[in-house]
Amino acid sequence: MAVAQLLPELAQVALLLALLVAILQGVLPLLGAHRGIAPLMAVARPASYLQLALVAIAFAILTRGFVVHDFSMRYVADNSNTLLPLAFRYMAVWGAHEGSLLLWVLMLTIWSAAVARFSRSLPMPVVARVLGVIGLVSACFLAFMIFTSNPFERLLPMPAEGRDLNPLLQDRGMMIHPPMLYVGYIGFVVPFAFAIAALLDGRLDVRWLRWTRPWTNVAWAFLTIGIMLGSWWAYYELGWGGWWFWDPVENASFMPWLAGAALIHSQAVTEKRGSFNSWTLLLAIAAFSLSLLGAFLVRSGVLTSVHSFAADPTRGLFILVFLGLVIGGSLLLYVLRAPRLEDGKPFAATSRETLLLLNNLLLATACAMVLLGTLYPLLADALGLGKVSVGPPYFGLMFLLLMAPLVALVPFGALTKWQRDTPRTPTAMLLPWAGLSLLLAVVAYFMAPQGALKTAAGVLGAGWVALGTLRFVWSRLRANGRFTPEMLGMVFAHLGLAVFVMGALLVEAQNMVREVAMKPGQVEDVGAYRFEFRGVQEAPGPNYMADRGTVQVLRNGSPLALLFPEKRTYAAGGQVMTDAGIHAGVLADVLVTIGEPLGDDAWAVRMHVKPFVRWIWAGALLMALGGFVAAGDRRFRRRPEASPA
Amino acid sequence: MSRLPALLLCMLLAFACTTPARAQVGNDTAPLQFRDAAEEARFHALAGELRCVMCQNQSLADSNALIALSLRREVLDLMREGRSNDEIKDHLVQRYGEFVLYRPKLSGHTWLLWAGPLLLLLVGGGVVATIVRRRGARPVPTDEGQEW
Amino acid sequence: MNTPVPEAPRRALPIAAIVIGLVFLSLMGLLLYGVSQSGRADRDALPSPLIGKPAPAFALPVLHEPQRTVTLEQLKGQPFLLNVWGSWCVECRVEHPVLTRFAETRRLRVVGYNWRDEPADALRWLEQFGNPYWLVLADVEGRAAIDWGIYGAPETFLVDAAGMIRWKHIGALTDAVIEGELLPALRAIEGPQ
């Protein structure tokens with residue numbers, strides 16, 4: 001049918017229209033807010049909804065292209081083929097640069113529409129400015145996409161068969177990792193737009209700041225989930241048991257996370273105490289700027305990483321200019337306008353304000369450290385210092401050094417009063433629990449079969465944060481038993497931190513790996529686990545051929561799991577991939593991968609035992625839950641009282 | 001049109017570090033045999049501090065690239081020859097450059113990397129101290145009306 | 001809330017502005033540099049620490065005559081090109097015609113270094129695509145290659161008459177690289193003649 005054949009062109013028209021609408025959404029309401037012209041400001045909301053509709057149409061058309069195997073679309077032909085299962089075809093939409101950019105823009109329009117819908121309690125000029133800023137950002141991304149990365153380019157003559165979706169991406173975990181990540185990344189546009197709106201207005205009214213807090217919390221929570229999914233996916237997909245590599249693209253998502261965590265805390269101070277206004281605005285700008293920087297790093301080819309999309313200098317230049325304009329413009333505005341917004345409320349040295357200042361200091365320094373380490377190779381190259389490379393030994397050590405003081409301070413935060421408190425009160429409350437954590441750590445030290453020091457450190461840190469947080473819960477229960485969602489959110493998030501610390505440090509300390517040549521029937525013991533290798537058979541898949549091994553795992557003599565590690569060769573490109581056999585456990589995971597055939601029926605088999613690894617992702621999920629719960633506080637949604645003047 | 005080969009090359013590069021090439025030869029593909037647990041532990045620790053030079057960001061211990069297999073065997077042989085960890089690292093740096101060290105050496109031109117965050121922390125700490133001092137300059141009453 | 005804002009913040013803010021400005025501008029500058037470099041194919045190549053140093057001694061069998069061993073000493077006296085390849089290496093096939101054309105100019109000896117390859121596969125590859133090499137060394141295990149700092153294929157070394165490594169290229173050779181880098185390096189070695 002003629003119309004169906006022209007759908008890609010229709011999508012391009014939709015995108016062009018969306019660009020137009022975005023420009024209008026950007027310019028008109030900002031002008032209206034500046035001059036006080038109501039009809040111009042009123043453009044903001046309908047424009048947001050219209051933009052969402054247009055981009056959604058384009059997205060739907062791209063999805064359809066994959067579902068029906070429309071190889072006349074270059075992007076579809078490059079990233080799928082007739083053998084690709086349907087579920088993965090849906091996911092292939094964001095499997096490469098152009099499509100993932102469309103997903104990015106879609107998320108942006110969704111957030112924009114959500115702001116339009118849920119901003120009833122804000123005065124029109126504020127809404128107009130916030131949506132206006134989002135409109136401008138959206139216009140930049142749409143322009144970038146339309147002019148350098150069009151997902152709807154045609155491929156003529158149409159090939160009969162496409163290439164393939166990168167086999168590393170053909171997995172359910174990959175289906176939700178990018179969308180979650182993008183929802184988070186892009187969600188920071190809301191506090192960003194709000195900060196710009198406040199700077200443009202020349203005022204920071206804490207009642208309007210209160211409105212942004214749930215948005216920041218939700219964006220951060222989604223980002224936490226997105227990062228957690230990436231880590232979990234890498235763990236089971238790449239098969240060597242790693243869960244975080246400090247890869248430049250991972251760092252690109254971690255920096256906004258750190259800035260976002262600092263922002264959540266800083267916004268709390270600004271909203272409740274009217275302090276740190278300028279810093280909160282700067283952080284809001286920084287968090288979204290880091291999201292943009294992350295997008296740049298992944299797509300410009302400036303840094304190589306196993307994650308990054310193909311390098312294209314023109315594309316890189318375009319997005320760099322865009323980055324420069326948005327970040328530079330915001331920072332310029334900040335420098336010019338921020339001084340007017342400062343309101344110095346007094347507080348004593350022992351107060352929650354001070355603790356949160358320290359929290360922000362440590363998180364911001366950690367964020368700067370990650371940025372430094374990620375860009376350092378480029379810097380060294382630019383300065384002619386040779387080829388340096390910065391990896392986990394640097395990041396891991398530095399991060400630990402910076403986070404240790406933070407972990408030590410966490411329990412004090414909730415128990416120290418605002419404005420002024422005596423050091424004795426929170427210390428007295430926490431001292432017994434510090435003692436208990438120390439005791440547990442010492443026990444762990446002597447009980448650990450290996451890595452005793454790290455194990456003790458993990459138990460100490462996790463125990464301290466968990467017990468300190470529970471002490472707060474107990475104080476509340478004793479006081480009046482009332483928990484606002486904000487408090488609950490904090491409790492979950494801090495407990496999540498404790499669980500995470502436990503998992504991260506203990507898996508490092510306790511993990512065991514053994515690589516052995518095994519013949520069928522051979523047995524290998526690793527710790528309390530026994531691995532019986534039962535041989536390898538061929539096993540075909542929908543779009544690959546696999547060598548599938550069978551390994552029986554026993555723990556302390558009794559059967560635990562039957563694992564089937566695979567080595568797959570994908571039909572389309574011939575790529576070979578290992579699929580690990582994993583048994584997940586609350587207290588430990590067992591992982592098996594098969595390597596090369598060594599002749600004579602022997603195979604190279606790698607066995608990992610990873611204690612507490614699931615705690616890493618459980619902790620992250622708890623933190624995300626905390627973010628969502630805190631956002632649900634009705635105080636944030638209550639319509640504020642009329643302004644006094 | 002030129003983007004496609006680049007994309008494929010990137011994918012190939014990505015795979016180089018996750019998949020061994022199809023023609024594996026020599027005994028190097030066989031897993032290394034360790035004499036005892038101490039040797040194994042030392043090897044893993046040392047290999048974790050060296051980089052797989054082919055891959056952007058993997059340690060020698062984790063990578064499956066061809067060169068990683070060769071280098072792991074080399075490291076084990078050097079260990080058995082009685083060389084110290086530092087000597088082994090020097091041996092590899094002479095051949096592959098500083099890049100082979102996973103942890104950047106503390107030398108003249110990496111001082112910014114190592115000192116940078118510390119400096120930032122100190123400066124930031126100074127700023128925080130100044131703010132706290134200034135805000136608490138006059139006597140501050142306790143706020144009894146706070147929720148928690 | 002009526003406490004007057006002390007003077008100090010006014011002074012501090014221009015400092016903050018300068019710091020923010022500096023950080024932003026240096027970041028943009030660095031990224032601009034990064035973008036300008038991103039198009040270069042060899043940007044990930046490791047610079048060799050062996051340039052200007054003596055080539056490592058070796059004793060390797062010849063691919064076509066396994067009983068015959070060739071050492072570095074035997075190759076000294078005239079500069080030569082050492083090209084690392086394998087039948088499993090995709091880029092080597094891309095480089096092959098360029099290398100063949102260069103070898104045919106007989107400008108200097110092109111020695112092949114067959115790295116981590118089955119001799120049978122290597123021989124078959126040469127038969128299929130043509131043999132541009134004056135001599136092919138076979139390093140099946142890849143041990144000697146470590147001394148050269150070889151970490152992938154294709155790689156190419158220029159070694160002078162005294163056995164010093166003068167130039168290394170990582171990745172496939174192209175006519176541009178030969179014209180622009182190899183030949184000038186070779187002329188520099190040979191000196192005014």
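Me: How many salt bridges does the count come to over all chains?
Reply: In this predicted model, the count comes to 35 salt bridges over all chains.

Me: What makes the contact of R203(A) with D201(A) a salt bridge?
Reply: The closest N and O atoms of R203(A) and D201(A) are 3.4 Å apart. A salt bridge requires a side-chain nitrogen of Lys or Arg within 4 Å of a carboxyl oxygen of Asp or Glu. The pair R203(A) and D201(A) is therefore called a salt bridge.

Me: Is D201(A) buried, partly exposed or exposed, and how do you know?
Reply: The relative accessible area of D201(A) is 29%. Buried means under 20% and exposed means over 50%, with partly exposed in between. D201(A) is therefore partly exposed.

Me: What is the N to O distance between the side chains of R530(A) and D525(A), and why is the pair called a salt bridge?
Reply: The distance is 2.9 Å, N to O. Because the cut-off is 4 Å, R530(A) and D525(A) meet in a salt bridge. R530(A) is partly exposed at 36% relative accessible area, and D525(A) is likewise partly exposed at 37%.

Me: Which parts of chain B does the pair of E49(B) and K89(B) tie together?
Reply: The side chains of E49(B) and K89(B) meet in a salt bridge of 2.5 Å, N to O. E49(B) lies in the loop between α2 (37-48) and α3 (66-80) of chain B, and K89(B) lies in helix α4 (residues 85-96) of chain B, so the pair ties together parts that are 40 residues apart in sequence.

Me: Why does K89(B) count as buried, whereas E49(B) is partly exposed?
Reply: K89(B) has 18% relative accessibility, and buried means under 20%, so K89(B) counts as buried. E49(B) has a relative accessible area of 28%. That value lies between 20% and 50%, so E49(B) is partly exposed.

Me: Which residues are linked in a network of salt bridges?
Reply: The network links R210(A), R213(A), E271(A), K272(A) and E486(A).

Me: Why is the link of C89(C) and C92(C) called a disulfide?
Reply: The S to S distance between C89(C) and C92(C) is 2.2 Å. A disulfide is a pair of cysteine sulfur atoms within 2.5 Å, so the link of C89(C) and C92(C) is called a disulfide. The structure holds one disulfide over all chains. With 90° about the S-S bond, this link is right-handed.

Me: Are C89(C) and C92(C) buried or exposed?
Reply: C89(C) has a relative accessible area of 3%, and C92(C) has 2% relative accessibility. Both values are under 20%, so C89(C) and C92(C) are buried.

Definitions and conventions
Residues are numbered from 1 along each chain as its sequence is written. Chains are lettered from A and ligands numbered from 1 in the order in which they are written. This is a predicted model: local features need pLDDT of at least 70, side-chain atom pairs count only at pLDDT 80 or more; totals for chains, interfaces and linings use all residues. Side-chain values use heavy atoms; hydrogens and water are left out. Buried means under 20% relative accessible area, exposed over 50%, partly exposed in between (1.4 Å probe, protein chains only). Helices (H or I, at least four residues) and strands (E, at least two) are DSSP runs, numbered from the N terminus.
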